[in-house]
Amino acid sequence: TDYLTKLYNRKYLDEQVTESLEKDQFGSFILIDIDEFKQINDKYGHQKGDEVIIQVANIIKEQVKGKNAIAARWGGEEMAVYLREMRFNEAIQIAEQIRWNVEKNCDFHVTVSCGVSYWSSETGNRSLSKLFQIADKAMYKAKKQGRNKVVY
């Protein structure tokens, strides 16, 4: 697990997604980035920035609790959720719940941008790098559209 957030680390997430791609029929991936995080660090200091990361991680954990999900710290202020055998529409709803709860429940006025991707045995997108690429493009599209959005 990641020391700061207590989320899984990226290595564990990669291993679990790879296993799912081999065994399961479908799954969804959410990439989450804290909007304008550098400004929080610059204005309030890195300790407050760490508190924000912890708060966002706790919201993510709460939103995926009880689901067949792996929440991980992707790196820096980015986090990811892999939803094993979860349909695309359900994953979009979870991403939206995360986005909404971060906006409403963080101590600082913090928002997140989320990119969602999906694979199935029918689509042939059985690659972790492809899942990440699609989610990453969607996340950056959310940022370009004004942040605090879920894009897929």
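**Helix 4 and its cover**

I began with what covers the buried residues of helix 4: the list includes strand 1 (26-34), helix 3 (46-64), strand 3 (78-84), strand 4 (112-120) and strand 5 (150-151). Helices (H or I, at least four residues) and strands (E, at least two) are DSSP runs, numbered from the N terminus. Buried means under 20% relative accessible area, exposed over 50%, and partly exposed in between (1.4 Å probe, protein chains only). Contact means heavy atoms within 4.5 Å.

I note the ground rules here. This is a predicted model, where local features need pLDDT of at least 70, side-chain atom pairs count only at pLDDT 80 or more, and totals for chains, interfaces and linings use all residues. Residues are numbered from 1 along each chain as its sequence is written, and side-chain values use heavy atoms, with hydrogens and water left out.

I listed the buried residues in helix 4: A91, I92, I94, A95, I98, R99, N101 and V102. I then checked the length of helix 4. Its 18 residues should span 26 Å at 1.5 Å a residue, and the end C-alpha atoms are 25 Å apart, which agrees. The expected span is 1.5 Å times one less than the number of residues.

**R99**

I looked at R99 in helix 4 (residues 88-105). R99 is buried, at 10% relative accessible area. Its side chain makes a polar contact with the side chain of N148, at 2.9 Å. A polar contact is a pair of N or O atoms within 3.5 Å; within protein, one must be able to donate a hydrogen and the other to accept it, and residues adjacent in sequence count only if both atoms are side-chain atoms. Leaving out residues up to four places away in sequence, R99 touches V112, N148, K149 and V150.

**Helix 5**

Which residues of helix 5 are buried? I found L128, L131, A135, A138, M139, A142 and K143. They cover an arc of only 145° around the axis, so they sit on the same side of helix 5. The arc is that of the directions from the helix axis to the C-beta atoms. The face turned away from the buried side of helix 5 carries the exposed residues K137 and K144. Cover for the buried residues of helix 5 includes helix 1 (10-23) and strand 1. Just after helix 5, G146 takes a positive phi of about 115°.

**Cores**

I searched for nonpolar cores, meaning sets of buried Ala, Val, Leu, Ile, Met, Phe, Trp, Tyr and Cys residues joined through side-chain atoms within 4.5 Å. In the largest, of 31 residues, I30, I34, V56 and V110 touch the most other members. Helix 3 gives the most to this core, with 7 residues. A second, separate core of 15 residues includes F29, A72, A135 and M139.

**Cysteines**

I counted disulfides, pairs of cysteine sulfur atoms within 2.5 Å. The count comes to 0. The sulfur of C114 is 12 Å from the closest cysteine sulfur, in C106, which is too far for a bond. C106 is buried at 9% relative accessible area, and C114 is buried at 0%.

**Positive phi**

Most residues other than glycine have a negative phi. I noted K6, with phi near 65°, in the segment before helix 1. E36 has a positive phi of about 50° and is in the loop between strand 1 and helix 2. E36 counts as partly exposed, at 39% relative accessibility.
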